[in-house]
Structure formats: C-alpha cells, structure tokens
Amino acid sequence: MPIDQDCLEKVVRFVEEKKGRDVLLLDLRDISVVTDYFLLVTGNSRTQTRAVAEYLHEEMEALGVRLLRTEGLADANWILLDCGDLVIHIMTPETRAFYNLERLWGDAVRCS
C-alpha cells in the first residue's frame, strides 16, 4: 500500500498514542530520490523508543504498510523503520539533538 495522506496521519496518531514527542513529518518528495517522507520522533528513553517502534510495527502491518527494514532496535538510541515511501526515525533526546536531522534536511517541507 503506498503512503497517502490518510496513512501518514494515522502513523502520526500512533506515535502520539505512545507519547512520542517533538513529532515532525518532513516531505522530501522534491529533494530526495531515497524516500518521500521522514517522520522524526523523540522518545524520553531507550525503553520508550523501543515501545514506539514495536507499536508502530504492529499498527503499520494492520494498515497494510510493509516494513522493509528495522535498524537500531537493540540499542534503541536511534531506531529506523524503513517503509519505502516513509522512513521513521525514533530517537532519544540526546541522539536527536546530536544528529539534528531537521537542520540536515532543512530544505524539506514541514508537514507537522
């Protein structure tokens, strides 16, 4: 199932249900050939980042969105869920501040 606006809104809601913070959806369609969207999420701890990732994995499957790859689940400082058109980054506050993807992808349109 391709990622559409309705699906993106549901994924953001799923993150918020698990108390993900600083949720930011970046539209990369005009600036990247790798993916269409990045969803950036901060968890309060590694336990929470893992919980958000596991919850998303379950809910995305129910939506019919195929998860192509998961990275970083064991350490849980930065978990990446690759869904093809959507890549979700779930990070601890320190990791998010250090890598500052918002600045790195500063040309992207902010959707949320």
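Which helix holds M60? M60 is found in helix α2. This is a predicted model, in which local features need pLDDT of at least 70 and side-chain atom pairs count only at pLDDT 80 or more, while totals for chains, interfaces and linings use all residues. Residues are numbered from 1 along each chain as its sequence is written, and side-chain values use heavy atoms, with hydrogens and water left out.

**View 1. M60 in helix α2.** Helices (H or I, at least four residues) and strands (E, at least two) are DSSP runs, numbered from the N terminus. M60 counts as buried because its relative accessibility is 3%; buried means under 20% relative accessible area, exposed over 50%, partly exposed in between (1.4 Å probe, protein chains only). Neighbours within four places in sequence aside, M60 is in contact (heavy atoms within 4.5 Å) with V11, V65, C83, L86 and I88. C111 lies 51 residues from M60 in sequence and 20 Å away in space, C-alpha to C-alpha.

**View 2. The largest nonpolar core.** Such a core is a set of buried Ala, Val, Leu, Ile, Met, Phe, Trp, Tyr and Cys residues joined through side-chain atoms within 4.5 Å. At least two core residues come from each of α1 (5-17), β1 (21-27), β2 (37-42), α2 (46-63), β4 (78-82) and β5 (86-91). A second, separate core has 10 residues, including F38, L40, L80 and M91.

**View 3. The open sheet of six strands.** Strand order is β3-β4-β5-β2-β1-β6, with mixed pairing. Two strands pair if DSSP finds at least two bridges between them. β3 (69-71) and β6 (109-110) are the edge strands, each pairing on one side only. β1 and β2 run antiparallel, joined by five bridges. L24 stands opposite L40 in β2.

**View 4. Helices on the sheet and on each other.** α1 lies across β1, β2 and β5, at about 10 degrees to β2. α2 lies across β4 and β5, at about 155 degrees to β5. Axes are lines fitted to C-alpha atoms, for helices over the stretch in contact, and angles run from 0 to 180 degrees between N-to-C directions. The axes of α1 and α2 come within 10 Å and cross at roughly 150 degrees. C7, K10, V11, F14, V15 and E17 of α1 meet V52, Y55, L56, E59, M60 and L63 of α2.
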